[in-house]
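Dear colleague,

Please find below the structure that I am handing over to you. My notes on what was found in it follow directly after.

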Amino acid sequence: MKIGLIELSAHNEVLESLIRQAIDVGARPTVYTNPFCAEYSEAAESSAVEWQVCPPGLPYAEFLEKCKPSIRSQDHLFIVTPVDSLCGLLSDASAMSATWHCLVHNLNTFTSSDGNRPSAAIAKLVLEGAAGVLLPDLRLMKSGDPLRSRAINIAYPQHPPTEFVRDEVRCCIPGRMYSGRDHAEVLSALEVAAPRLAMRLRVDFLGEHATEETKAAVEVARKAVVPSVELRDHPGYVAQEEFDQTLAEADFLILPVSVCLTRNGIIETRGQTCVTGNINDMVRFGLPALMPAFYPLSDHTDGMTARYSGVPSLADLIVTWVNTGEFNRRKRAAAPGLEAYRAECLSAMREQLARR
């Protein structure tokens, strides 16, 4: 079976997940993408993957036209991020024999009637039937709604959990520091927890600041939590290599996902109309995580998490995990669930590939 993956935006981590799933169901995928995604893919060395990379400066429309013979030869084509550059190709989809799948990351935005929203043109084509709407997590499926009837998991296990022996505990909060994550709650919880910690805790805020306010808040908290907690943040974009290396060396994560996310006046509800990419970070490295109680997870991965609701409960969990090494117990227990989750991912992928 020939599978094409098209990613012309910057969701390299989603592309990487789908490449690995395609390989693991026995396909040899062809990837049509930009230099950014190609550079940061660990699958770039795999002989099972054919890469078609848009040269710098070449318009995507011309790149896709050049790739048309290859695209036409695929059995299935997955649009990883729907961008309007794909409209020309998708308008011609009726002339191709491939089955088209469009991964929709923000369902309310995608189905909005606002013709000025980002990717409005490709959304219109997809909603008219040019490609099947594919949601990025099985938990988003709801019976009775045609647009919610199909999904795969973009989170996919890649690295086995690793335990570390050292004189400090390392925690990561991955992702950009913006309104979609409640970093203020984490900083407050760390201030409450700091006096009770029996080991030094290093916390990496693994993403750039969206505003000067978040940067200032970290500076204030940094002074309040020393010497038991070291806060590390980043002045700008965190390169994928550094991002992955920091995660690989982490003991556990804190994922302070906000319930709602508003973009261009449209509200998305996390776990209902969109997902957080942080679940991919957790699953990819087999990392235990502290996260809000509201967010739905697969039963196979829920055991990797402890849930909190508010500053006091998060502070208590931080103290317990640091002082008892609870994260290592959860790492040791994670393997069966991750294997079952991997099987769930591949089953969902096979279900989509059975559609013609």
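**Nonpolar cores**

The largest nonpolar core contains 81 residues, and those with the most contacts inside it are Ile71, Leu86, Leu90, Trp100, Ile279 and Met282. Helix H13 (residues 326–353) gives the largest share of this core, eight residues. A nonpolar core is a set of buried Ala, Val, Leu, Ile, Met, Phe, Trp, Tyr and Cys residues joined through side-chain atoms within 4.5 Å. Buried means under 20% relative accessible area, exposed means over 50%, and partly exposed lies in between (1.4 Å probe, protein chains only). Helices (H or I, at least four residues) and strands (E, at least two) are DSSP runs, numbered from the N terminus.

Please note that this is a predicted model, in which local features need pLDDT of at least 70 and side-chain atom pairs count only at pLDDT 80 or more, while totals for chains, interfaces and linings use all residues. Residues are numbered from 1 along each chain as its sequence is written, and side-chain values use heavy atoms, with hydrogens and water left out.

Leaving aside neighbours within four places in sequence, Leu86 is in contact (heavy atoms within 4.5 Å) with Ile6, Leu8, Leu64, Ile79, Thr81 and Ile122. There is also a second, separate core of 32 residues, which includes Val186, Leu231, Ala306 and Leu314.

The largest pocket holds about 1300 Å³ of space. Its lining is made up of 43 residues, and Ala10, His11, Glu13, Arg181 and Arg263 lie nearest its centre. These lining residues divide into 19 nonpolar, 15 polar and nine charged. Here Ala, Val, Leu, Ile, Met, Phe, Trp, Tyr, Cys and Pro count as nonpolar, Asp, Glu, Lys and Arg as charged, and the others, Gly among them, as polar.

On a 1 Å grid over the protein atoms alone, a cavity is a set of points where a 1.4 Å probe fits but cannot get out; a pocket is an open set with protein on both sides within 12 Å along at least five of seven lines, and lining residues have an atom within 4 Å of a point. Grid points are joined across faces, edges and corners, and a volume is the space filled by probe spheres set on the points.

The structure has three cavities of 30 Å³ or more, and the largest cavity has a volume of about 100 Å³. It is lined by 14 residues, with Glu13, Glu16, Gln158, Asp244 and Arg284 closest to its centre. H1 supplies the largest share of this lining, five residues. The lining of the largest cavity divides into two nonpolar, six polar and six charged residues.

Helix H1 (residues 12–24) has 13 residues, which should span 18 Å at 1.5 Å a residue; its end C-alpha atoms are 18 Å apart, which agrees. The expected span is 1.5 Å times one less than the number of residues. Among the buried residues of H1 are Val14, Leu15, Leu18 and Ile19. Just after H1, Gly26 takes a positive phi of about 95 degrees.

**Backbone features in loops**

Asn264, in the loop between S11 and strand S12 (266–269), has a positive phi of about 55 degrees although it is not a glycine. At 55% relative accessibility, Asn264 counts as exposed. A cis peptide bond joins Val226 and Pro227, with omega about 5 degrees.

With kind regards
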